[in-house]
Amino acid sequence: MHPYRSFASVQSDLASGAVTCRQLIEQYLTRIDANQHLNAFTEVYPEEARQRADELDARRADPAASVGRLHGMVIGIKDVLSYTGHGLHAGSRILDGFEAQFTATAVDRLLAEDAIIIGRQNCDEFAMGSSNENSAFGPVRNAADPERVPGGSSGGSAVAVQAGLCLASIGSDTGGSVRQPAAFCGVVGLKPTYGRVSRWGLVAYASSFDCIGPIANTPTDAALLLEVMAGPDAFDSTVSSQPVAPYASPYERDPATPARIAYLVDGVESEGVAPAIREATQRAIDRLRAAGHVVEPVSLSLLKYLLPTYYVLTTAEASSNLSRFDGVRYGHRATEGVTDLISMYKKSRTEGFGPEVRKRILLGTFALSASYYDAYYTKAQQVRRLVRDETERVFAQYDFLMMPTTPTPAFILGEKSDGKTETDPLEMYLADIFTVQANVTGYPAISIPNGVDPNGNGPALPIGLQLMAPPFQEQALVTMAEAYLKLV
C-alpha cells in the first residue's frame, strides 16, 4: 500500500472500501517501525490507534451513524501538547515520568472530528531550537538525507509527514518552529494568527509568541486541521473570538483583480542566502508575475532588529514560564548531594534541563533583572511595536509578503552544534531570520515546497517558500499557496 499524500485520497479510498482505518494504521505502524533511524517519534500508541481505528470503521459501516470531518486522518502530535493519560516530556529530562492530566483544546477538537493520534513526536527541548538536535531523546534525522537536520523545533513532526509515518502532524511555532522544519523537509507548515488557536494544553515557551499549527502534505489539509482547531475557548483568555472561516475552501477573489504580492529584497539579493534558495525564490517571483499577479520588491528597515528583539523577549518569557519546573511538584528531582531546598532546586534544574534551555533561561533572567530591564526588555517591546507598524504599512499596499522560509537548505547534523553545546549560537539562530517576523507581529504565515537544491554532494534538499498575510486572512493565504503550487 502506497503512503497517502492528501486527505482527499484517504477519504476517497475509505468511501469506496478500498481501505479501512485499521489498514491505514497498520501501514503507518509498519512504516514507523522501518524508519526508526529517523527518530521522529518519542512514543507510539499502536494498540490505542488500532482500537480507535476499529471504532471508526464500525461507525462508518453503520448507516445511522455520522462521521467527523477528519474521519480516518492519522496524525502525530508534538511532544509539547497535553493528551490525557499519555506521557508529556517537551523533549526534556526535567519531565521524566510526567503524565498529562488533561487534553489540550486543539487535540480534543481533532479527536472530536474522528482523527486518530498515532504517537508523540520528537522536538527540541521545550521547543527551543532550529535543528532538533537539542532533544533529550536524541536528534531527529531528515528523511531526504539522514545525515542532515530536519529543522526545529517541530522536527519530528515534519519528518513524520515527510516520510509518510502519518498523514499530518500538529506542531507549535514560536519563531518558525512549524514553517522552518516544513521547509527543510519539503512539506507544508501553517502558522496561524496569534490567538487563532487556543494554547490551553500547550507547554509554554514564550506565551506572547507561541502558536499551535499543522504540518501536512498540502495547504488544504493544513487548512482543514486549522479549521477544526481554531475558535474561542473558555480555558484561554488570549484566544480570539472572531468567527472561524472555512479555511479549507477556496477564497473567492475577483478573478479580474490580481493579487498584490510584495517580496523581500533580501530574500533574492542577500549574500547570506544560499544561491539555490535565491534562484528558487526568483523563479517563484517570475511564475507569479507570469500568472498575472502584481509582484513588487520591498525592504524592511527593521529586518536586522528582528532576531535580537525575538530572542530578548522569548528568553525573558521562557525564564518566567520555565520557573515552574523545579523538581518539587512533578518531573525530575535531584537526590544526590542535596542539602537543602535551594540546592535541590539548583541540582534538579541543572540535571533536568539541557544546555540550550539553561542558556535561554539565563539570558532571559538577565534581560529581566532590575539593572537591565529597561535597556533590554522594555526596548525590545518598543522595537516589537515598530516592527508591527512597518509590517502594517506593507500590508496596507499588498495582500501578501513573500520570502524564502530559510536562508539555507537543511544543514549537516553537528555542523552548527556538537550535540551538547552550540559551536556558533548566532549562526544557528540566523536559520530563523525569515520566520520570526510572523511571530513578532502575530501575523499568519505558511511555508510551501519550492523546488530543491540539487546538492551535488548528496541527495537533493527541499527548499521552502513563505507567504505572510494580514491577521485572520488564513483562507486567502491557503488559497494563494494552493494556486502557487499549481504553477510549479
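Visitor: Leaving aside neighbours within four places in sequence, which residues is K78 in contact with?
Guide: Here's the list: R120, Q121, C123, A127, S153, S154, S157, I170, G171, S172 and S177. Contact means heavy atoms within 4.5 Å. Bear in mind this is a predicted model, where local features need pLDDT of at least 70, side-chain atom pairs count only at pLDDT 80 or more, and totals for chains, interfaces and linings use all residues. Residues are numbered from 1 along each chain as its sequence is written, and side-chain values use heavy atoms, leaving out hydrogens and water.

Visitor: Why does K78 count as buried?
Guide: Buried means under 20% relative accessible area, with a 1.4 Å probe and protein chains only. K78 has 0% relative accessibility, so it counts as buried.

Visitor: And what makes S153 count as buried?
Guide: Its relative accessibility is 0% too, so S153 is called buried. A polar atom of its side chain also lies 3.4 Å from the backbone oxygen of A127.

Visitor: Which residues does UniProt list for "active site"?
Guide: K78, S153 and S177, from an unreviewed entry; such annotations may be inferred rather than shown by experiment.

Visitor: How do you know that they gather at one spot?
Guide: They span 100 residues in sequence, but no two of their C-alpha atoms are more than 10.9 Å apart, so they do come together at one spot.

Note on methods:
Buried < 20%, exposed > 50% of the residue type's maximum accessible area, 1.4 Å probe, protein only. Polar contact = N/O pair within 3.5 Å; in protein donor to acceptor, adjacent residues only side chain to side chain.
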